[in-house]
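Hi there,

Here is the structure I promised to pass on.

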Amino acid sequence: MKRKNMFGLTLVNLAVLGACSMNVYADTLFVKANGYTLNQKQQLQVFDAMLVDDAGKVIATGTQKLLQKKMPQAKLIDLGGKTVLPGLIDAHGHVFGLGTSASQLSLRATSNLTEALSAIKQYAAQATQQQWILGGEWNQAIWKLGRFPTAKELDTVVADRPVWLRRVDGHAGWANSKALALAGITKTSADPVGGKIERDSNGEASGILVDAAMDIIEKVIPAQNDAELRVALDAALKQLRSVGLTTVHDAGVDAQSDKLFREYATQGKLTTRVYGMIGGVDQFFDAVSIAGPLKSHADDRYALRSVKLYSDGALGSRGAALLAPYSDAPHTKGLLFVQDNEMQRMVKKAAAKGYQVNVHAIGDAGNRQVIDALASLPKKNDAQTLRHRIEHAQVLELSDIPRVAKANIIPSMQPTHATSDMNMAEDRVGKERIKGAYAWRTFLKQGSKIPCGSDFPIESPNPFWGIYAAVTRQDHQQMPVKGWHPEQAMTVQEAFRCFTLDAAYAGHQEKILGSLEKGKWADFIVIDQDIFKIPSKDIYKTVVLQTWQAGKQVYVK
């Protein structure tokens, strides 16, 4: 790279541009911006111009007059007065899942079982080349069914091919009889550890498999080949850059996805940076951890320095592990995937190798298990050192919330989960336990950083939907009128921080990402409205006009 020494001097001396008398060449000066960024003190800064060097890093932000005076040779790019933000970060998503879901059946828009069955029948009639009918995103709570759907109901529209449709939360699946038969699931099949085969009144498998039981079917579904995975990755990256996500934390990287992420990063094709979480501590972890955590690859486009584990399932399918029975199903407390000693073993194995440990936990029993395991780690690889996280941190016993801060655990949360779950969450846990659920304000008051995400494709990857949900706690029809438990809502600036600096911190990347400060990558977006000035009800309508990675445009509407 040219002019390396000059830029090194510039970064030191440009803290106060007025003190610098020399003219320094920089590649690009972005002007006429309505710019916002946070600084390391979490203060909101405004600017109308930004100077970016030839490596794609920010030299300074400020006024056009001052920056142009000091950098007269810089190439000018006029942003037309549009609002400019740091690139947004989704702290919990599934990249290949997003790309694959684009070509699969979605039942998200269906409002009842009849509509869903009609959509399945229509999709199957068109997808004649597919051996399996795959997809999902169904939600029996929205259908107001009062129960799970059944295999027999699926058989009425598709009986000749196997059908497997995951619930909207990804923690339960709906199979037809053909799929059950191919998986060998019968009346005598035992529930696996951490999973459940739902049964009818005769003890026969009903067609619904919860959590670990889903593996019984999914192991017989043909795996995607390399070409299909590339198509999925291309589709996901196209969607991610179009909604302004310049970094995502991928919650479950395996050997195939790791290979493609590294390849795409090396070739400059990873237009959204990926912070990877290794899925579990089994064979792939054993192989890749020999070299230790991958902190940075290809100019910080890819990192693999964390591990994703699971404590329990989801609330909607009643797989989340609760300390006391479900309020609307007193016969069950949900499912812990592993015993406490096994969770501690996995956490210690990953942390001992220097990896951040990120554990999925939804129910209060699941969260307590994770807090206990992470709090038991020795200081050399505890949460303060490695920034361990609870993914979702959805329902906690009130007395456990302060323990999260005391142990320096990061609660990684998804605002749209609250607005998607509000139609059933209080039914599941009751009026008392809901006080510790989706409790963003409670966490913020105790000083916890909250990295925000979406859990895409379970929810939309659009981060402005997440900011909207965090601020209003309403659906897109502005219901409930005052918001669902509005006492837990965030301000716009807090929600913005959760999708920028706090998410960067949760990936050990706050020194290179999350804001448009001197020395950081010039990852930024141009949007059509000022989210800090418009009514909060309009935040979700925000449209991304341009996305830039390291000073290079990767998307334009």
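Let me start with a pair of residues: Phe30 stands opposite Met50 in β4. Strand β1 (residues 28-31) and strand β4 (residues 49-52) run antiparallel and are joined by three bridges; strands here are DSSP E runs of at least two residues, helices are H or I runs of at least four, and both are numbered from the N terminus. Two strands count as paired if DSSP finds at least two bridges between them.

Before going on, the background: this is a predicted model, where local features need pLDDT of at least 70 and side-chain atom pairs count only at pLDDT 80 or more, while totals for chains, interfaces and linings use all residues. Residues are numbered from 1 along each chain as its sequence is written, and side-chain values use heavy atoms, leaving out hydrogens and water.

The open sheet has four strands in the order β5-β4-β1-β6, with mixed pairing. β5 (58-62) and β6 (75-78) are at the edges with a single partner strand each, so one side of each has no neighbour in the sheet.

On to the helices. In α16 (residues 425-433), the residues Ala425, Arg428, Val429, Gly430 and Arg433 are buried, meaning under 20% relative accessible area with a 1.4 Å probe, protein chains only. These buried residues of α16 pack against α12 and α15 (415-421), where contact means heavy atoms within 4.5 Å.

Finally, α11 passes α12 in a right-handed crossing, that is, the near helix is turned clockwise from the far one by less than a right angle. Asp340, Met343, Gln344 and Val347 of α11 meet Gln369, Ala373 and Leu374 of α12 in this contact.

Best wishes

How values were computed:
Buried < 20%, exposed > 50% of the residue type's maximum accessible area, 1.4 Å probe, protein only.
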